Amino acid sequence: MSTPQTSGEWSRRRLLVMLAGAVVFAMVVVAGLVMAVAAAIGSHDTAGSGDARPERTWTTGPDGVRGDGYRNAVAAKAMLAADESDLKPAPPSLDKPKRIEIPPSTSTGPADVPTGFPHTPEGAVAQLASIEIAALTPMSVQFARDVYDGWAQEPSQFDRWEIAQSIQSFHAHAGTVDGDGAVSVTATPAGAQIKSTDGPDWVLACVQLDVTASVEEQTRFGFGHCERMQWSGDRWSIAAGKQPAQAPPTWPGSQRSLEAGWLMWVDQEDLHE
C-alpha cells in the first residue's frame, strides 16, 4: 500500500517517468513503477489543494495588484489531476482547440537563453518556455544551475527548482553521468496557459512541452510546468515564491489535454508567413 508522498518526493518520481526515456519505461513494465507514480500523483494533488483559495475576494490596490496572498493562493491551486497514462501518446481530440499566440524573441540573454519578449502575459509564457528548453536540453545539473542563476530572482532556491530535481533524478535512476552526452533530449512547446495575472508585472505562466528523450532507445511524452514570472527592468524572470502546483502532464492535442486547459501554441511569426 502506497504511503503519502511529500511534494519533493512526488516531483522526483514524476520526472523520473517523464524524463528518463526508454530506460525508465522499461523499469515501469518490470517493477510496476507506474502504480507507485500514480499513487504519488494522487497524494500530491490532494495535499496541494487544501490551502489554495484564489476564489475568495481579494482587494486590489491602486496599482491594480492584489499582492502576495493572492499570488500564493493561485500558485497553490491544484490543476487537473493527471496520471501516467495521460502523458503518453494519445489520439488527437476532435474538438477544436483554443489557441494562444506566442511572440518571437528579439535577443539573447544569460546562458544564451532567447529573450526580448514583450511585457505581456504571452511574453512571460514565451520566456518561461525558453528557460525550460535551455535547462532541459543538455540534461546537466550544472548547466541548469547557470540558467537558473541568470533567470531567477532567488538563485539560492535552485535546489528546490522542479527542473533541477528532475535532471538529478533522471541521472540517479538511469545510471548516466551528468552532462556526459549519453542522453539526448529535445523539447518543443506544444501548448500553454496563463493561470493568472496580478497587475502588469506578474504572471503565473504554464508551458506544455512535447519532449523526446533518448537513452539507447527513444520515447516521447507530454510534460507540463508552471512558474511565477516577474517583469523586472526589461525582461521576464522567474519570480520569488514557492513552487506552483503541478501542471497537468498530458499528451499535446489530446482530449485530456484540452480538458486540462492547455491552449495550442502558435508562433506569431508563422501566422504572417
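Q: Which residues of helix 5 and helix 6 meet in this predicted model?
A: From helix 5 come Q127, I131, A134 and A135. They meet F143, A144, V147 and W151 of helix 6. Contact here means heavy atoms within 4.5 Å.

Q: At what angle do helix 5 and helix 6 pack, and how far apart are their axes?
A: Helix 5 (residues 121–136) and helix 6 (residues 141–151) pack at about 155°. Their axes are 8 Å apart.

Q: Why is helix 5 called roughly antiparallel to helix 6?
A: Angles over 145 degrees count as roughly antiparallel. The angle here is about 155°. Therefore helix 5 is roughly antiparallel to helix 6.

Q: How do you know whether S196 is buried or exposed?
A: Buried means under 20% relative accessible area. S196 has 7%, so S196 is buried.

Q: Where is S196, and what does S196 touch?
A: S196 is in strand 4 (residues 184–197). Leaving out residues up to four places away in sequence, S196 touches R66, Y70, V74, W202, V203 and L204.

Q: What makes A73 count as buried or exposed?
A: The cut-off for buried is under 20%. A73 is at 6% relative accessibility, so A73 counts as buried. A73 lies in helix 4 (residues 68–76).

Q: What separates the C-alpha atoms of A73 and R56?
A: A distance of 9.5 Å separates them. Along the chain, A73 and R56 are 17 residues apart.

Note on methods: Residues numbered from 1 in each chain as written. Predicted model: local features only at pLDDT ≥ 70, side-chain atom pairs only at ≥ 80, totals over all residues. Heavy atoms only, no water. Axes fitted to C-alpha atoms, helices over the stretch in contact; angles between N-to-C directions. Helix = DSSP H or I, 4+ residues; strand = E, 2+ residues; numbered from the N terminus. Parallel < 35°, antiparallel > 145°, perpendicular 65-115°, else oblique. Buried < 20%, exposed > 50% of the residue type's maximum accessible area, 1.4 Å probe, protein only.
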